[in-house]
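Reader: I have a few questions about the labels used for this protein. Can we take them one at a time?

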Amino acid sequence: MQQPVEGDVDDVPNWSRQGFRHQSVRQVVRVGVGGDRVRIRLSNRYGRTPLRVDGAVVARSGGGAQAWPGTARKVSFKRAGSTVIPVGGEAVGDAVTLSTSPLENLVVTLYFAGETGPATFHRVGLAASYRADGNHLDDVSAQAYRQSSQSSYFLSGVDVSGPFRAQRNTVVALGDSATDGVGATAEANGRYTDVLGERLVAGRRKLGVVNAGIAGSMLLTSSSCFGEKGIARFRRDVLDRPGVRTVIVELGANDIGANWSTGPCFPSSHKPVSAHQITEGYRALIRAAHGRGIKVIGATLVPLSGYPGYPDHAAKVERLRTQVNHWIRTSGAYDAVVDFDKALADPAHPERPRPGYVYEDGLHPNDAGYQAIANAFELSVL
């Protein structure tokens with residue numbers, strides 16, 4: 001998912017603020033389902049000037065920044081080798097013939113001859129992106145790609161097509177850091193969406209999972225640090241994606257946890273919200289999805305009391321979280337419910353995550369916690 005430009009956050013370097021000039025960027029992406037044709041999507045949603053892409057290549061991954069020999073395919077845009085993406089716009093590459101297997105890694109390489117300006121990006125990539133000076137679109141070797149980042153840039157999607165019977169075979173996971181995968185091991189595909197995709201492949205279900213999580217994302221409040229609110233980005237990130245059959249909604253935890261927060265990440269209009277306002281936000285998403293014939297699965301909010309960032313309002317945070325989770329479980333508004341809270345909670349202290357399932361910050365799941373979340377899904381409801 002695309003986010004506004006920012007500099008280094010939490011000491012994790014990214015290249016979004018300075019952008020790129022006469023450089024190649026190679027990014028690794030894992031596809032959900034296999035097929036015989038691939039197309040890429042590029043975004044300049046948060047750019048300040050039109051973005052010229054002087055070349056693009058997609059190939060099977062050879063590991064790290066390497067491409068698999070003999071698999072590189074040049075990407076055209078309306079049959080041209082380059083494209084200019086307007087401010088706020090997106091470009092979809094022409095489909096290329098490339099055989100892919102379920103859960104296979106691809107590498108997408110972009111070349112920028114001029115200056116891009118600040119780059120639309122996604123901060124928590126958990127997969128390396130690589131940068132090289134000059135035009136290295138056609139390099140098989142990783143030798144020129146000497147710099148890496150854990151964020152992704154401009155790449156907003158990879159579509160795979162093949163001999164599928166179902167017209168709709170995409171599951172979109174809309175969420176915050178618990179969907180984005182904060183706390184999971186980098187380069188290990190340990191997010192719950194990754195594990196859920198693996199379960200679907202093992203069960204021979206031809207469904208792909210798209211991760212639409214943004215760490216810090218809120219349902220009702222847009223943030224200069226964490227992007228647009230869920231009710232605003234729902235159309236772009238869910239409804240307008242091709243072939244969507246199901247959306248998993250995992251938002252609201254940051255609305256509650258940051259309910260009384262102030263600072264540069266929050267607009268001056270930010271005020272505490274009630275459980276009713278949050279659940280009305282859910283109802284708006286459900287109506288919009290049902291209007292497109294999309295099934296909606298509600299995810300309960302994960303335990304928050306282990307996080308030291310909420311000490312001044314811990315009791316109010318827990319009371320509000322409990323009210324929202326009760327509505328998710330009992331309202332009947334969703335087509336199905338998956339209980340993230342139950343999957344992660346410590347049985348002895350249900351307001352906290354189970355110690356073995358939590359990252360060192362006391363809030364986000366670790367790999368075992370994400371595995372537990374993925375295992376909480378009944379595949380038949382997807």
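Author: Start with overall size. This is a predicted model. A compact globule of 382 residues would have a radius of gyration near 21 Å, and the protein has 20 Å, so the two agree. Along the principal axes, the C-alpha trace spans about 55 × 45 × 40 Å.

Reader: What makes up the secondary structure?

Author: The protein has 8 helices and 22 strands.

Reader: How many of the contacts join residues at least 24 apart in sequence?

Author: The figure is 79%, taken among contacts between residues at least 6 apart.

Reader: What share of the residues counts as buried?

Author: Of the 382 residues, 54% are buried. The cut-off for that label is under 20% relative accessible area. The protein exposes about 16,300 Å². Carbon and sulfur atoms supply 48% of that area.

Reader: What makes a set of residues a nonpolar core here?

Author: The residues must be buried, of the listed nonpolar kinds, and joined through side-chain atoms within 4.5 Å. The largest such set has 62 residues. Tyr192, Leu196, Val247, Ile248, Tyr282, Phe377 and Leu382 have the most contacts inside this core. Helix α5, residues 275-291, gives the most to the core, with 6 residues. A second, separate core has 28 residues, including Val31, Ile40, Phe112 and Val160. In soluble globular proteins, nonpolar side chains tend to be buried together.

Reader: Which residues does Tyr282 touch?

Author: Leaving out residues up to four places away in sequence, Tyr282 touches Leu219, Val249, Leu251, Gly252, Leu301, Val324, Trp327, Ile328 and Tyr334.

Reader: Why is Gln2 called buried?

Author: Its relative accessibility is 7%. Buried means under 20%. Gln2 therefore counts as buried. Gln2 is found in the segment before β1, which covers 21-30. Beyond residues up to four places away in sequence, Gln2 touches several others, among them Ser43, Tyr46, Phe121, Phe154, Ile214 and Arg236.

Reader: Why is Val201 called partly exposed?

Author: Val201 has a relative accessible area of 31%. Val201 lies in helix α2. Gly32, Pro102 and Leu103 are the residues that Val201 touches, not counting residues up to four places away in sequence. Val201 and Gly32 are 169 residues apart in sequence, yet 8.4 Å apart in space, C-alpha to C-alpha.

Reader: Why does Arg79 count as exposed?

Author: The relative accessibility of Arg79 is 81%. Exposed means over 50%. Arg79 therefore counts as exposed. Arg79 sits in the loop between β6 (73-74) and β7 (83-85).

Reader: Where is Asn189, and why is Asn189 called partly exposed?

Author: Asn189 is in the loop between α1 (177-180) and α2 (192-202). Its relative accessibility is 23%. That value falls between the cut-offs of 20% and 50%. Asn189 therefore counts as partly exposed.

Terms used: Residues numbered from 1 in each chain as written. Predicted model: local features only at pLDDT ≥ 70, side-chain atom pairs only at ≥ 80, totals over all residues. Heavy atoms only, no water. Helix = DSSP H or I, 4+ residues; strand = E, 2+ residues; numbered from the N terminus. Rg over C-alpha atoms; globule rule 2.2 N^0.38 Å. Buried < 20%, exposed > 50% of the residue type's maximum accessible area, 1.4 Å probe, protein only. Contact = heavy atoms within 4.5 Å. Areas by Shrake-Rupley, 256 points an atom, 1.4 Å probe, with all protein chains shown as cover.
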